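Here are some notes on the structure, written as numbered points. Please read them with the sequence and the model open.

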Amino acid sequence: LEQSNPTSKGFNPHGRAVLITGCSSGIGRATAVYNAQKGFTVFATVRDSAHADELKNLQLPELIPVFPVDLTRSDHIANAFKKINTELEQRDLPGLYALIHNAGGGSIAPIELIDLEKYHIELQVRLLAPVSLLQTFLPLLRNARGRVVWIQTPALIPTPYVVSIHSCDFAANCLARTLNIELKPWRIPSIMIRCGGIQTPASDKSYRELDDAIRSWEPERYRLYADGLERTRKEFSEFDAKRTNPQEVAKAVYKALCATKPKHRYQVGHMSGMAAFLESLPQSIADWMISMRN
Ligand SMILES: NC(=O)c1ccc[n+]([C@@H]2O[C@H](COP(=O)([O-])OP(=O)(O)OC[C@H]3O[C@@H](n4cnc5c(N)ncnc54)[C@H](OP(=O)(O)O)[C@@H]3O)[C@@H](O)[C@H]2O)c1
């Protein structure tokens, strides 16, 4: 999309450490495993010991689970820093080569009915935690002439009923692009991996949560949105059948990590091209096109 993307032929992932958040499942797990297999030293954060054990049982020497890391907890982030710093010193590694923001959830609901507590958590995980992680780890990234990677939505377009996810993505897009400018003096690029539909447990989780939410909503307010939500659920389940394997995201991240001059945006996954096209239209036209489908 932007500048050329030469991959350094002599690039060697060995001896370079990367930190990936949210590695218990889906994109985070696939990216952690793939990049550890390729030779990066991967610090893979998870929230609980069971997921850490699952990663350990893969017996990849370069895959190091870091837990518990609940991104709503500043003490967990501080502890993760201590553990990672110690491990880097023990392995005689110069710093952190990449910080990969991946963790996130998100639910389906019209703005009028969003559960504010859940939304608050989502904002913490997707926006505040990445800033906190940057503030904590940037000195280590500077030491290794590293890069920042964001796993994100494919485009900034309004999509009804998923605003708790997309509003974070819009704001994270702002963080990622601004960071690119602020960190230019140290040549630390900020790279967005813009994912279309990826096959992960996230969609089933969000349908289960939607069913719970519907039971908790006042019936007369739910009825206002019932048809729209039903239509959306049907569209999403057709979309689900075509989602891309998360391994493709793992490969895109690897490409972005190995490129001498990485692009600012990589595009991967089902419908990511169409979404990017919609984003390229004037906002009024994109909004009108999307509203015609609802
Ligand atoms: N799937 C897609 O089509 C798609 C498309 C575009 C962008 N994305 C983005 O990709 C990222 C990964 O999503 P996914 O589809 O791979 O979903 P996923 O399989 O559900 O993975 C989400 C990860 O985030 C972790 N997480 C959630 N809340 C957390 C918290 N408070 N602290 C720390 N970790 C937390 C989860 O840990 P637990 O297991 O402990 O909950 C899990 O490891 C998300 O940011 C999502 O918005 C996904």
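This is a predicted model: local features need pLDDT of at least 70, side-chain atom pairs count only at pLDDT 80 or more; totals for chains, interfaces and linings use all residues.

1. In Lys205, an N or O atom of the side chain is 2.6 Å from an oxygen atom of the ligand. In Asp70, a polar side-chain atom lies 3.1 Å from a nitrogen atom of the ligand. How much of the ligand does the protein bury? Taken alone, the ligand exposes 890 Å², and the protein buries 89% of that area.

2. Which elements give two or more residues to the shell around the ligand? They are helix H1 (26-37), helix H4 (116-143), strand S5 (147-152) and helix H6 (202-216).

3. The ligand is surrounded by 26 residues, and the closest are Ser24, Ser25, Asn102, Thr200 and Lys205. By type, the residues of the shell divide into 11 nonpolar, 10 polar and 5 charged.

4. The next points concern helix packing. Two packed helices are described by the angle between their axes and the distance between the axes. For H1 and helix H8 (residues 246-258), the axes are 8 Å apart and the packing angle is about 55°. The crossing of H1 and H8 is right-handed.

5. Helix H3 (residues 74-90) and H4 have axes that come within 11 Å and cross at roughly 25°. Angles under 35 degrees count as roughly parallel, so H3 is roughly parallel to H4. The crossing of H3 and H4 is right-handed.

6. H6 and helix H7 (residues 219-240) have axes that come within 12 Å, and the crossing angle is roughly 165°. An angle over 145 degrees counts as roughly antiparallel, so H6 and H7 are roughly antiparallel to each other. H6 passes H7 in a left-handed crossing.

7. Two points on the backbone deserve a check. Most residues other than glycine have a negative phi, and most peptide bonds are trans. Phe67 and Pro68 are joined by a cis peptide bond, with omega about -10°. Pro68 is found in the loop between strand S3 (63-66) and H3.

8. Where is Gln59 found? Gln59 is in the loop between helix H2 (49-56) and S3. The phi of Gln59 is near 55°, a positive value in a residue other than glycine.

Terms used:
Residues are numbered from 1 along each chain as its sequence is written. Side-chain values use heavy atoms; hydrogens and water are left out. A residue is near a molecule or strand if one of its heavy atoms lies within 4 Å of it. A polar contact is a pair of N or O atoms within 3.5 Å; within protein, one must be able to donate a hydrogen and the other to accept it, and residues adjacent in sequence count only if both atoms are side-chain atoms. Accessible areas come from the Shrake-Rupley method with a 1.4 Å probe; for residues, only the protein chains shown count as cover. Helices (H or I, at least four residues) and strands (E, at least two) are DSSP runs, numbered from the N terminus. Ala, Val, Leu, Ile, Met, Phe, Trp, Tyr, Cys and Pro count as nonpolar, Asp, Glu, Lys and Arg as charged, and the others, Gly among them, as polar. Axes are lines fitted to C-alpha atoms, for helices over the stretch in contact, and angles run from 0 to 180 degrees between N-to-C directions. Angles under 35 degrees count as roughly parallel, over 145 as roughly antiparallel, 65 to 115 as roughly perpendicular and the rest as oblique. A crossing is left-handed if the near helix is turned anticlockwise from the far one by less than a right angle, and right-handed if clockwise.
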